[in-house]
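Hello,

Here is the structure I promised to pass on to you.

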Amino acid sequence: MATPNTNTNTNTKRKRLIEKSLPPKIESYIPESRLFMQLQALERKLDTKVVRKRLEVQEALGKPVYKKRILRVFVSNLAANQGAVGANDDSDLGDAERTEATAPSWTLRVEGRLVDPPGTTWKTRPATHKFSEFLNSMTVEMDRNTELFGENIVQWRRAAAEADVDGFEIKRRGDEDVFVRIFLDIRTATDRFQVHHPLMRELLDIRGPVTKAEFIMKLWQYIKLNSLQDAEDPDQIRCDAGLLQVFNTPVVSFTAIPQMLQSFLRRPDPLVIEYTVRVHKGDFHMAQYAFDVEVEVEDFSRQGAGPLAAVQSRSRELAQVEAQLAQQMQEIHNARAKREFLRGFADDPVAFIHRWIDNQTKDLEVILGDRRHGLEAALAAIMAADERGQASEADAAKWLKESALYDEPWADEAVFHYLSAKTQERMQQLLQQQQQQLHQQQQHPQQIQPQSQAHQQMHHAAAQMQNGV
């Protein structure tokens, strides 16, 4: 029996076995194979955990990673044309004599940039970000006379298609100092809220803005720490004195807590910066202090890094080991089949040869298309009808005559093909006889013979075949 060639090229693709288990009787031949089966059971458990962890890692890597950075905000102003004679805040700014170029004015600037982490060099400096990336909105209120200067509120809100900028400028006319308030709504990666209930903040030890998930987690930790969960119904929370003042009910359903907590949350207060626009003593003025705000910046360097590269390299090594294992398992199965073949021949050569011939005969019939379903069904029915298991020729002829075997749909086609084959066989015989007669006539041309009977029979058979078709 031929065995597969193991000296295959490593570059060619191998067909791996789906079933990697050993044959059932291999343990009786090789007792050490039990250790391999135990390793396979352990490997299945390990694969389950590895797949679960891999999915968790992929899900974590798919989410953006944020880190804390410091956003430093600078406020300054420029003054222009402040030396004009007779310029004051109560003068008529709409006078035609005062043009746009010569009218006293000032420009308020609000700028911001990220502070580099300690130890940062020009090679390791993170990517730059625009100031407006970290703002949802900005509002500037100017303390001026509305009758003279009109609207004193300037507001900017983030738009979807608007490009980010490094700062904002507000230009107005005037020759006197102006007090302004700047409200900055800081943008965060996750929605954060402020707990406005003082007692709730004290009970849960909340010091700043939190997310909804963090708020619920802190409440759950408080419930577990004080054993407020009902022993009979875990869904019910028995409020202590502090929670009773907050919820105003002695028993709270745990499923209703997330909806109840909405009333304790509100958007965090904006950052308020107070500044006085100065127009005297120079053209450029800057605030005495800068304002640092903690913001969240997406960290692209941590995405796709970490243990994933090592896992992928290990996966390639495991794939090579599995390929070798699949080849060894194929060799074991082939060796087992060879052993059973030779063992069966050694135990009973005669019976083995008969079984082998029967199997080969059936395979040959399938390959050649030699089907005998109708004949086998007839013989089986005749043998079943005879109680002794032996049917006579008269019984067989009677059964075949009265049987419904010929009423089956394939019977007409089978008879047609049978007659066609017989007609073709007869025509071949007649053609051979005609060729022999022509050969004899060529040898004796002086003898003229009438048309042979074989020639007439050939035409008759051809006519019958045409009528049959």
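Strands here are DSSP E runs of at least two residues, helices are H or I runs of at least four, and both are numbered from the N terminus.

Before I go on, a word on the source: this is a predicted model, in which local features need pLDDT of at least 70 and side-chain atom pairs count only at pLDDT 80 or more, while totals for chains, interfaces and linings use all residues. Residues are numbered from 1 along each chain as its sequence is written, and side-chain values use heavy atoms, with hydrogens and water left out.

**Around β2**

β2 runs antiparallel to β5, with seven bridges joining them, and antiparallel to β1, with ten bridges. Two strands count as paired if DSSP finds at least two bridges between them. β2 is largely enclosed by the rest of the structure, because seven of its ten residues are buried (buried is under 20% relative accessible area, exposed over 50%, partly exposed in between, with a 1.4 Å probe and protein chains only).

**The largest nonpolar core**

This core has 29 residues, and L108 and I182 touch the most other members. A nonpolar core is a set of buried Ala, Val, Leu, Ile, Met, Phe, Trp, Tyr and Cys residues joined through side-chain atoms within 4.5 Å. Among the strands that each supply at least two residues are β1 (66-80), β2 (105-114) and β13 (291-298). β6 gives the most, with five residues.

**A four-stranded sheet**

An open, antiparallel sheet has the strand order β4-β3-β6-β11. Its edge strands, β4 (153-157) and β11 (271-277), each pair on one side only. Five bridges join β3 (residues 135-143) to β4, and S137 has R157 in β4 as its bridge partner.

F341, L342, F345, I353, W356 and I357 make a nonpolar surface patch of about 540 Å². α8 (307-347) and α9 (349-368) are the elements that give two or more residues to this patch. Patch residues have over 30% relative accessible area and no salt bridge, and nonpolar side chains (Val, Leu, Ile, Met, Phe, Trp, Tyr) are joined within 5 Å; a salt bridge is a side-chain nitrogen of Lys or Arg within 4 Å of a carboxyl oxygen of Asp or Glu. L342 lies in α8 and is partly exposed, at 49% relative accessible area.

Best wishes

Key
Patches are made of residues with over 30% relative accessible area and no salt bridge: like charges are joined within 9 Å, nonpolar side chains (Val, Leu, Ile, Met, Phe, Trp, Tyr) within 5 Å. Accessible areas come from the Shrake-Rupley method with a 1.4 Å probe; for residues, only the protein chains shown count as cover.
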